[in-house]
Amino acid sequence: MTKARASLPVRLAKGFAMFWWDFLIGETPELFVAALGIVGLVALLRIVWQLNEWALIALPLLCVLALALSVYRARTLLRKK
Amino acid sequence: MLGVSVSSGAFVLVLAVFLASSVEMVEALTIVLAVGHTRGWRTSLYGVASAFATLVVLVVLVGPALVRVPIATLHLVIGFILLIFGMQWLRKAILRSSNLKAKHDEDEIYRATVVELESSDSRGRLDRVGFVVAYKGVFLEGLEVVIIVITLGTSAHRVDLAAGAAGVAVLLVAVLGVIVAKQLNRVPENALKMSVGIMLTSYGTYWAGEGLHVHFPGGDVWLLILVGIYVVTTWSLVLTLRRGDEVLATQRVQ
């Protein structure tokens with residue numbers, strides 16, 4: 001049985017969604033989750049608790065941490081292969 | 001006194017857009033050359049022209065809509081996207097520099113595209129397969145350039161400067177492509193990718209902070225501080241990973 005081909009708008013919408021999925025998540029879902037967490041935590045520090053200095057320090061520090069963890073995760077996965 | 005003040009923000013903006021566009025265009029050019037050599041230049045150039053036309057339509061449609069979004073929301077969304085995109089590039093470049101991942105080989109991509117195109121058989125007046133491959137290659141790589149230009153340019157209120165830097169990069173890569181043809185592997189892609197990753201992550205951090213109303217003392221001078229932080233981080237990670245692998249290799253020998 002042959003599968004019916006989707007219409008052009010459906011294929012375009014699928015392609016668009018796939019592009020953004022690959023672009024933002026792709027093979028590094030941990031970076032996407034980390035970025036969400038960083039934004040959430042800095043929002044708490046700055047907007048809710050009004051701690052600008054802490055937000056200023058936490059923002060790059062958490063990004064560095066997220067990058068390092070992602071790199072080490074990749075190394076572990078690559079070594080297992 | 002020249003009376004010309006070049007802000008650190010504008011400098012990093014031009015450099016980031018120029019380098020990012022160069023990297024993406026080298027990738028697109030590899031595909032275009034492979035299609036041109038195997039399926040004919042007419043097909044290849046039709047694909048390129050159609051992809052550029054689609055990108056122009058996209059910019060015309062999306063560009064003006066962005067102006068209506070509140071600036072803090074725009075900074076936050078753009079910062080979030082750039083942060084992820086920048087860290088992805090940086091991560092890949094660090095793994096490649098530490099020899100944990102194979103370097104991006106333009107010659108290999110060229111050969112693979114040629115093999116793929118030669119195995120399909122649909123040559124006609126306008127080769128459909130060749131057209132689709134050239135179109136997809138230029139459109140997808142170009143879309144990343146468009147996203148970088150729109151996000152960085154809109155946040156810094158310098159879309160003209162960002163578009164100009166991208167335009168120069170596209171022209172330069174096109175001219176170099178014609179001259180060097182199949183020697184694209186000589187482009188130090190990983191070093192470029194690492195520099196772009198550092199700059200995109202710095203911009204992402206800065207704009208995400210601005211979007212969350214974090215006050216950066218000294219304004220966009222902080223961009224240079226962030227660049228410094230990420231340069232040191234990248235360098236440390238590459239060195240640590242290389243050393244770790246050397247220790248592991250020594251232990252295996254013993």
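Begin by selecting helix H4 (residues 106-119) of chain B, whose mean pLDDT of 71 is the lowest among the elements of that chain, and then helix H3 (residues 71-97) of chain B, whose mean of 91 is the highest. Here pLDDT is the predictor's confidence in each residue, from 0 to 100, and helices are DSSP runs of H or I with at least four residues, numbered from the N terminus.

This is a predicted model, in which local features need pLDDT of at least 70 and side-chain atom pairs count only at pLDDT 80 or more, whereas totals for chains, interfaces and linings use all residues. Residues are numbered from 1 along each chain as its sequence is written, and chains are lettered from A and ligands numbered from 1 in the order in which they are written.

Next, colour chain B by confidence: the average pLDDT is 82, and 85% of the residues score at least 70. Select residues 1-5 of chain B, where pLDDT stays under 50 and the model has zero contacts beyond four places in sequence. Two residues are in contact if their C-beta atoms, placed from the backbone, lie within 7 Å.

Now move to Glu210(B), in helix H7 (residues 189-211) of chain B. Is this residue buried or exposed? Glu210(B) counts as buried because 22 C-beta neighbours lie inside 10 Å; the cut-off for buried is 20 or more other C-beta atoms within 10 Å of the residue's own, all placed from the backbone.

Finally, display both chains: 25 residues from chain A and 25 residues from chain B form the contact.

Terms used: Helices (H or I, at least four residues) and strands (E, at least two) are DSSP runs, numbered from the N terminus. A residue is buried if 20 or more other C-beta atoms lie within 10 Å of its own, exposed if 12 or fewer, and partly exposed in between; C-beta atoms are placed from the backbone.
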